[in-house]
Amino acid sequence: MTNLFSKPPHFLYEKFVKRQREGVSFVVFFFFLITFLISRFWVYLSILGVVPESLTRNVRGVHIHHFAWGILLNSVIGYLILVLPRNYFHDWKLKLAAFFGIGLALTFDEFGMWLRLKDDYLLRHVYDAVIIITVLLFNIIYFGNL
């Protein structure tokens, strides 16, 4: 138990990434969770009025929801995966996985807006989608190379 608190990233890496050859699934999972938590925290701060409204307006007073940034980020990542040479891609694999996890979280953080087409951040669908994706990624990491 002391190992968990003394070196948490190392413990998680040894427990989950060691089962994977390159750790791509763990990197996607880790950055997905971190980005989702940060974006939810940001949303709650903006709803409570702690974050000024000017910080949530991006282009000429129009709020661009972060699922648009997630879709854009994952589109760029997908394109890079398709066009990068094999030897160059190998060096960038974990970095691209991190950005893919970030884009995935930004996209699914507003999943309820996809379904309802309402500007409501507190829809239950968001949490359901994130829980499902988290469980799927965790299963891929844990049972991936048995």
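What share of the 146 residues in the chain is buried? I looked this up first, and buried residues make up 34% of the chain. I noted the cut-offs too: buried means under 20% relative accessible area, exposed means over 50%, and partly exposed lies in between, using a 1.4 Å probe and protein chains only.

**Ground rules**

I am working with a predicted model, where local features need pLDDT of at least 70, side-chain atom pairs count only at pLDDT 80 or more, and totals for chains, interfaces and linings use all residues. Residues are numbered from 1 along each chain as its sequence is written, and side-chain values use heavy atoms, leaving out hydrogens and water.

**Entry: the overall layout**

I listed the secondary structure and found 7 helices and 0 strands. Helices here are DSSP runs of H or I with at least four residues, strands are runs of E with at least two, and both are numbered from the N terminus. Read from the N terminus on, the elements go α-α-α-α-α-α-α.

I then turned to contacts, which means heavy atoms within 4.5 Å. Among contacts between residues at least 6 apart in sequence, 68% join residues at least 24 apart.

**Entry: helix 3 against helix 5**

Two packed helices are described by the angle between their axes and the distance between the axes. My pair was helix 3 (residues 24-48) and helix 5 (residues 86-108), whose axes come within 7 Å and cross at roughly 35°. The axes are lines fitted to C-alpha atoms, for helices over the stretch in contact, and angles run from 0 to 180 degrees between N-to-C directions.

Is this crossing of helix 3 and helix 5 right-handed or left-handed? I found it to be right-handed. A crossing gets that name if the near helix is turned clockwise from the far one by less than a right angle, and left-handed if anticlockwise.

Next I wrote down who makes the contact: helix 3 brings V24, V27, V28, F31, F32, T35, F36 and S39, while helix 5 brings K93, L94, A97, A98, F100, G101, I102, L104, A105 and L106. Sorted by class, I get 14 nonpolar, 3 polar and 1 charged residues. For the sorting, Ala, Val, Leu, Ile, Met, Phe, Trp, Tyr, Cys and Pro are nonpolar, Asp, Glu, Lys and Arg are charged, and the others, Gly among them, are polar.

**Entry: aromatic rings**

A pair of aromatic rings is described by the distance of the centres and the angle of the planes. Rings of Phe, Tyr and Trp (its six-membered ring) pair if their centres lie within 6.5 Å; planes under 30 degrees apart are stacked, over 60 edge-to-face, and the rest tilted. How many aromatic pairs does this rule give? The count is 3.

F26 and F30 are a stacked pair, because their ring centres are 6.2 Å apart and their planes stand at 20°. Both lie in helix 3, 4 residues apart, about one turn of the helix. F26 is buried at 12% relative accessibility, whereas F30 is partly exposed at 38%.

The pair of F29 and F138 is tilted, since their centres are 6.1 Å apart and their planes are at 50°. F29 belongs to helix 3 and F138 to helix 7 (residues 124-143), so this pair ties together parts 109 residues apart in sequence. F29 is buried at 13%, and F138 is partly exposed at 34%.

I also noted one aromatic cluster, formed by F26, F30 and F31.

F29 and A98 are 69 residues apart in sequence, and their C-alpha atoms are 8.5 Å apart.

**Entry: a charge over a ring**

K95 lies over the face of W92, at 5.3 Å from the ring centre. The rule asks for NZ of Lys or CZ of Arg within 6 Å of the ring centre and within 35 degrees of the ring normal.

F99 sits in helix 5 and is partly exposed at 40%. Beyond four places in sequence, F99 touches L73, N74 and I77.

A129 is in helix 7 and counts as buried at 9%. Leaving aside neighbours within four places, A129 is in contact with F108 and F111.

N139 is in helix 7 as well, and is partly exposed at 33%. N139 and S25 are 114 residues apart in sequence, yet 9.8 Å apart in space, C-alpha to C-alpha.
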